[in-house]
Amino acid sequence: MNCLTCSSLFLETSSWQRLFFMRQAEVICSKCKSKFEKAKDIEHETQWIGTLYEGALDSLTSIYDYNEWMKQIYRQYKFQHDIELAKIFAQDLRHLQKVQDLIVPIPLHPEMLIERTFSQVDQLLLAANVQFKHVLSKMRNSSQVKKSKNERMTSEINFEVCTNVQNQSILLVDDLYTTGTTLRHAAFVLKQAGAQKVNGITLIRA
Amino acid sequence: MEEVQAFLTGRIWLREHTPFPSSVIDHYIDKGFITPHRGIHSNVINGIFKTNKKQCRRCGCTQLASYHCAKCNGTCFYCRHCIRMGRVSSCTQLITWTGPKVELFTKHTFNWQGTLTPAQAKASQELLESIHQNQSHLVHAVCGAGKTELLFPAVFDLLARGKRVCVATPRTDVVLELAPRFQQVFPETTIHALYGGSPGHTNYAQLIIATTHQLLRFEEAFDVVFVDEADAFPYTVDDALQFAVQKAKKKDAVVHYITATPSNELMKKADKISLISERFHGFPLPVPRFDGLWDYDKHIKKGRLSSKLQSWTQECLDNGRPFLIFFPTIDLMERALPLFQQLDSNILAVHAEDPDRKEKVMELREKKVPGLLTTTILERGITIPNVQVAVVGADEAIFTSSALIQIGGRVGRSVNYPKGDLVFFHHGITFAMDKAKATIETHNAKREKP
């Protein structure tokens, strides 16, 4: 097997676990894999206390830290459109298969979707074989990237709910958590539409 | 039109990556001046079973990834191999110029006062003859023979006849070294130096110095291609790079090769071979000496430096001679670094992924650093006066005979210091070590009897 990131040859160790539980095969070598760091548990709610969005998001989990290596991989995935890299994280997201909540990815604006040719969040879930449903849609095609932290946190809500979510328990999925604005806006509109509980999970925590 | 023509002539470019608006490109497509190509094309192979293989139009790679594309709302294939140059997929367009040809420019100045040694002059003359006869030529010249100089007359001859020329090499370091030298010799010629991360050019250059990788971005562009260091990694192992050279040249153009260590394959490929066994300064090649260094890896892993290695390094330090110590793996080198730093804290280590490689080599040249530990990455293309060289674990498989010859070629390159120590520390003499030594001795013997 050739490593997806450094393309060097590596041997996949066979294990009982793989045989019986049909664990997916590794796609990157152990050296590349070891460069990822698990996200640190950082308090995320404090800066939202007293705002409209306090309590909108019931919980948040992030898997990886946004270190230099992750930045490089993420750039290649999202901006060079190397969709194959989604497979690296399949094992980390696989447990979502068993989650009872409705899994809702953060959407792209339709124009952005055509420009990028794929949705980075959907592809992560597809690679991990997780069922999901789009219940949100983006209203304006605007990016958060060039905004300052303050501009982001005070920006207007850019989502609307397009199906019935009354009394549903929802798990929002996004790729990158920076200020938390996106997830909170999404959670806020979902709660307004009657969602009972909204949790969040992101692959990376910046 | 000139702008688009100058940019696209000989190039194969992603449509979205060109500096021109889409309407301009459409206009020339309508006129037939620009031809669009599908990024991924099907290659039908007629065999016993007719197979339909999808292939990247730019790098020729056939191992493609696929996904559901939102742009064309269907399954798209894309090439991961050349993705760093901008992704090529089923629904991207690559464009080439098929309009009027660029006007020939033949007024070039040849600003070179140097002289060639008789051996260089002979090889240069033979190369010129091969160029005129359109046959592939291999210049087999020992390290430090002055390979670049003997290219100058040939390149000038071609430029003056309006030919488009490319000097390609697998190594970025070599491009960086060659480009300023060529620019000095041909001061009025537009020259592009292309390597990963080089500044983009939008004009037309008649002479291009590029890594073989960058040639993926050309198609039927060159009348002649010279491949320097044709046996260097990764050119020999990466099919896409050999594909790149073949694609970048015009259909009937010929490729010439220059190297100190040609493979048998390369020797067979060439129609004619010139051999230079003598260095430009006339002194013999340093012959390696073998020295047993048993269990060097165990010693290093235990945090000890063998006394032989220690005294060798100490001697270099005491005499103020710069040195290079080659290691078979990055891991072993990094373990050894703190041990060497106990002798002198300024000793540094470099490897292929080191972002400061260029600076560290420069510091060695400027004597700010007494010596460097390195992997095979520095086996070629660097010249440091009076450098002493040791190879630790010369018996490891990574040190092939050509790698060892190239490493040995770092020693004694300058006229002022034509000698220097070249030592292979080993635990067991390998065939490759013997072959390297024998080859060097053969070259030296040939030198004495012209």
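The model is predicted, so local features need pLDDT of at least 70 and side-chain atom pairs count only at pLDDT 80 or more, while totals for chains, interfaces and linings use all residues. Residues are numbered from 1 along each chain as its sequence is written, and chains are lettered from A and ligands numbered from 1 in the order in which they are written.

**Confidence**

The predictor assigns the complex an ipTM of 0.87 and a pTM of 0.85. Among the elements of chain B, the lowest mean pLDDT, 82, belongs to strand 3 (residues 40-45), and the highest, 96, to strand 16 (residues 323-326).

**The parallel sheet of chain A**

Helices (H or I, at least four residues) and strands (E, at least two) are DSSP runs, numbered from the N terminus. Two strands pair if DSSP finds at least two bridges between them. On this basis, four strands of chain A form an open sheet in the order 1-6-5-2 with parallel pairing. Its edges are strand 1 (59-65) and strand 2 (102-105), each of which pairs on one side only. Neighbouring strands are turned by 20° against each other on average, direction ignored; axes are lines fitted to C-alpha atoms, for helices over the stretch in contact, and angles run from 0 to 180 degrees between N-to-C directions.

Helix 8 (residues 181-192) of chain A packs on this sheet and touches strand 5 and strand 6 of chain A. Its direction makes about 160° with that of strand 5 of chain A. Contact here requires C-beta atoms, placed from the backbone, within 7 Å.

Strand 5 of chain A is mostly covered, with eight of its nine residues buried (20 or more other C-beta atoms within 10 Å of a residue's own; exposed means 12 or fewer, partly exposed in between, with C-beta atoms placed from the backbone). Towards strand 6 of chain A, A:Leu171 stands opposite A:Asn199 and A:Tyr177 stands opposite A:Arg205. A:Val173 in strand 5 of chain A is the bridge partner of A:Pro105.

| Strand pair | Sense | Bridges |
|---|---|---|
| Strand 5 (residues 169-177) and strand 6 (residues 197-205) of chain A | parallel | eight bridges |
| Strand 2 and strand 5 of chain A | parallel | four bridges |
| Strand 5 (residues 64-69) and strand 6 (residues 74-79) of chain B | antiparallel | six bridges |
| Strand 2 and strand 7 (residues 93-97) of chain B | antiparallel | five bridges |

**Antiparallel pairing in chain B**

An open sheet of three strands in chain B has the order 1-7-2 and antiparallel pairing. Strand 1 (13-14) and strand 2 (34-38) of chain B are its edge strands. B:Pro36 has B:Ile95 in strand 7 of chain B as its bridge partner.

In the hairpin of strand 5 and strand 6 of chain B, four residues lie between the strands, and B:Asn73 takes a positive phi near 50°. B:Tyr67 is bridged to B:Cys76 in strand 6 of chain B.

**Domains and interface**

An automatic or database domain assignment supplies the domain bounds, which divide chain A into domain 1 (1-34) and domain 2 (36-205). Six residues of domain 1 of chain A are in contact with eight residues of domain 2 of chain A. The domain 1 side comprises three nonpolar, two polar and one charged. Ala, Val, Leu, Ile, Met, Phe, Trp, Tyr, Cys and Pro count as nonpolar, Asp, Glu, Lys and Arg as charged, and the others, Gly among them, as polar.

Between the chains, eight residues of chain B are in contact with nine residues of chain A. The chain B side divides into five nonpolar, no polar and three charged.

Note on methods:
Contact = placed C-beta atoms within 7 Å. pLDDT = per-residue confidence, 0-100.
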